[in-house]
Amino acid sequence: MAKKKITPINEEFDFKLLVTIARKNSITLALLVLISMVIAFLIIRYTPPEYESSSVMQLSLENDTKQILNSQSVQQFLDEDRLLASSIELIRSRVIANRVISRLPLRTSCYIKGDILTNELYKGSPFQIDYKFADSAIFDVPVLIEFTSANLFQVKYTIDGKNYGTSRPMPVDSWVRLPHATILVSINDYSTIVEQQQDITTDNYFFTLNNPTRQTDQLLSRLSVTALNPEAQTIKISIKDGNPYKAADIVNGISSEFNRYDLEKNSEASDNILQFIDRTIFGINQELRESEKEIEKFKRDNALINADVKADVVIKRIDELESQLYSTNLEIQLYQRIRSEFINDSDISQFILSLTGNYYQNPEITDQIRSLKAIAEDIEQLRLNSTERSEAYRGLQAKLRLQQKALTSSIQHEETKLQNIRENIIRELDKYKAELGRLPTQQAEASRLQRIFGVNEKFYALLLEKKAEFAIMKAGYVPQHVVLESAKSDKPPVSPKKALIISACLAIGFVSGFLLILIRYLLYNEINALEEVGHYTDAALLGIVPKYKREIPISQLLVDKNPKSIISEAFRSIRTNLQFISNSEGAKLVAVTSTISGEGKTFNAINLAGVIAFSGKKVVILDLDMRKPKIHLGFNAENNHGISTILIGKDKAEDCITHSTLQNLHFITAGPIPPNPAELIISPKMEELINWLKNIYEIIIIDLPPVGIVSDGVPIMQKADYPLYILRANYSRKMFIAQINKLISENKISNLSIILNGVEMSRLKYGYGYGYSYGYGYGYGYSYGYGYYEDDTVPPRFADKVKSLFSFKKG
């Protein structure tokens with residue numbers, strides 16, 4: 001029958017083995033859970049708390065003045081068509097951040113050192129710091145401050161390993177010059193300062209002069225602006241900080257500054273337009289005054305009368321034509337100004353504002369101006385978050401130039417058209433003037449002066465009307481963005497999250513423990529039951545020896561102490577099974593070995609010899625484990641003479657035979673440790689000794705050295721009638737079975753039998769019916785200072801050591 005290949009990983013599921021491993025590692029699992037709880041406590045205890053403050057704002061793009069003014073020209077150019085994304089980017093920009101920092105008390109920060117954590121005091125500080133003329137080297141450097149009295153203080157700080165500070169106490173509420181800055185210290189609550197300095201240390205307070213650029217970077221890195229509902233135009237502004245009051249002030253400050261900035265920009269457009277109108281009105285007003293003076297003077301000098309009907313008709317038509325000519329000239333002048341603005345690369349935003357209300361009758365130019373305005377706004381928005389070298393910026397600049405060219409072309413075409421119109425008006429005007437010239441000269445001159453005055457008066461009235469409209473619009477600009485929910489400072493910290501940390505650490509502890517159990521199960525390479533051995537070898541399975549849970553006496557012979565115990569019954573079962581191996585007449589040689597020390601070969605040899613001796617047969621035990629002899633310890637005897645002295649001819653065999661307390665059971669110790677035990681075992685004298693003992697004893701049991709360490713005992717195993725190989729449950733590795741297969745295949749020990757020692761009673765699948773709860777356990781706690789070439793014992797595992805601390809000996 002083919003046997004399984006021995007692998008380092010368990011390939012079959014064994015629930016009992018898994019439960020056994022889990023039970024053995026229960027203390028380790030508990031320790032891992034305890035360690036995880038300690039880690040959770042340390043994280044919660046030593047992590048600075050972090051607070052999050054947030055506000056909700058609804059963006060509005062409408063202006064209430066549009067409900068008052070029904071002016072399409074005002075609406076089409078001043079309607080701020082902002083997108084939600086552009087507003088979010090503006091809030092995230094340095095423009096708003098710098099404005100907030102300049103308005104809040106953030107130029108300096110005051111701190112207090114606790115036993116574990118350092119807290120920023122912000123507005124709750126019992127003292128305040130201001131500074132001027134600061135060197136950049138002192139920015140963000142902790143400056144320790146100590147108040148020696150209610151009116152005096154001292155400071156000290158370190159820059160590049162060099163100490164600075166005040167040489168003596170300095171007065172509060174006065175500017176104090178330091179090597180790197182001039183500071184002003186004021187006290188708000190001296191009693192709090194005294195209390196804190198007494199409770200902690202003299203260096204419990206310190207402050208920093210904040211670097212404006214770095215402070216802006218830190219604010220933006222902690223700021224979060226997200227869209228809550230794009231359809232409702234609502235956004236959420238939030239920030240995290242170690243001080244809840246500071247976080248709330250920053251968020252509310254951002255909301256206020258965003259509204260204030262938007263109001264300033266809208267008002268700026270109206271201001272520019274009003275300035276343009278005021279300049280024009282001033283010029284027209286001067287012309288009106290001059291015209292009035294000329295008319296009055298001409299009438300007094302010439303004593304004019306009213307013109308006849310024909311003169312009135314001609315004059316009226318001339319007035320109409322001159323009004324058209326004036327408007328046409330004004331439009332031509334404005335187009336020429338536009339082209340001049342493009343040539344001189346003037347500010348596009350100001351240029352657009354100057355066009356307001358002039359070109360609304362021309363849809364093509366109006367649309368182009370709208371597009372130009374949108375591109376200019378995109379460029380201004382991009383400048384807040386990007387550089388002029390970025391690809392996006394260059395692309396918008398190229399688009400702006402193309403739009404400028406298109407607008408310039410349209411304006412040139414319109415200007416040419418207006419030039420033609422003006423020429424037609426001039427020709428028609430010349431015709432009527434010629435006709436008017438045929439009227440009396442004085443009346444014609446009076447009519448001319450009256451016409452100039454009328455034109456200027458109409459234009460003056462129009463400008464006043466426009467000025468009133470824009471003044472009303474400017475007055476109507478109010479913050480349109482509504483703060484639906486202001487930031488508050490009474491919220492619990494968002495970090496560290498106690499429940500999450502405790503749950504995560506507990507989960508990690510349990511998972512680590514279960515992974516440890518799983519890994520130990522997969523890598524479990526120890527033998528637990530006799531049937532496991534049968535899966536990997538063809539060697540005969542002679543029997544098992546239960547684990548002995550009581551303290552083993554100095555003499556390891558147990559079968560004579562309680563012949564009816566379960567362990568005695570186990571050795572009797574092994575004695576019976578030996579008959580199936582060989583039942584021929586004559587003395588029998590039993591060779592007992594193992595893979596390494598600690599598997600119980602000496603214990604099994606002594607007790608098997610005792611059980612056989614109980615049956616009335618004469619038994620002798622030979623200790624051939626001359627490197628680590630133990631038989632003399634098992635029988636509590638001397639080891640001055642024995643196998644080594646017999647084989648070198650120093651002593652006779654009959655002089656070295658010792659009688660045990662059990663009848664029919666004798667033993668020969670190993671004797672003094674020889675330098676060449678392997679040569680002595682294979683010497684002819686060894687064979688002579690065995691043959692001589694066969695004439696006296698029926699059973700000869702030899703305790704051989706472990707064959708997994710040295711091969712001294714292999715020749716004896718080949719000659720033995722009962723070669724026995726001892727494995728210990730939960731101690732011997734599965735790989736040890738490979739040594740058994742090697743002895744069978746390579747050394748031709750076909751009758752090799754296996755005894756499994758130290759089996760847990762809970763894993764036994766059969767019983768003996770005696771009802772005893774005895775088990776078996778033992779240890780090799782001897783210290784010899786030498787070994788088989790090297791220390792060949794398997795060191796006790798850490799789990800076994802921990803388990804032994806919680807175990808009690810049974811009396």
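## Ground rules

Residues are counted from 1 along each chain as its sequence is written, and side-chain values use heavy atoms, with hydrogens and water left out. Because the model is predicted, local features need pLDDT of at least 70 and side-chain atom pairs count only at pLDDT 80 or more, while totals for chains, interfaces and linings use all residues.

## Helices α2 and α14

Let's start with α2 (residues 26-46) and α14 (residues 498-522), whose axes come within 8 Å and cross at roughly 155°. Helices here are DSSP runs (H or I, at least four residues), numbered from the N terminus, and strands are runs of E, at least two residues long. Axes are lines fitted to C-alpha atoms, for helices over the stretch in contact, with angles from 0 to 180 degrees between N-to-C directions. α2 and α14 are therefore roughly antiparallel (angles over 145 degrees; under 35 is roughly parallel, 65 to 115 roughly perpendicular and the rest oblique).

Which residues of α2 and α14 meet? On the α2 side they include L29, L32, V33 and M37, and on the α14 side they include I501, I502, F510 and F514. Contact means heavy atoms within 4.5 Å. By class, this contact has 15 nonpolar, five polar and one charged residues (Ala, Val, Leu, Ile, Met, Phe, Trp, Tyr, Cys and Pro count as nonpolar, Asp, Glu, Lys and Arg as charged, and the others, Gly among them, as polar).

## Helices α1 and α14

α14 also pairs up with α1 (residues 15-24): their axes come within 10 Å and cross at roughly 130°. That angle makes α1 and α14 oblique to each other, and the crossing is right-handed. L17, L18, I21 and A22 of α1 touch I517, R520 and Y521 of α14. Six of these residues are nonpolar, none polar and one charged.

## Helix α11

What about buried residues in α11? They are I365, T366, Q368, I369, L372, K373, I375, A376 and I379 (buried means under 20% relative accessible area, exposed over 50%, partly exposed in between, with a 1.4 Å probe and protein chains only).

## L228 in strand β12

L228 sits in strand β12 (residues 223-229). L228 is partly exposed, with a relative accessible area of 46%. Leaving out residues up to four places away in sequence, L228 touches V56, T234, I235 and K236. Q58 is 170 residues from L228 in sequence, yet their C-alpha atoms are 9.6 Å apart in space.

How values were computed:
Left-handed = near helix turned anticlockwise from the far one by under 90°.
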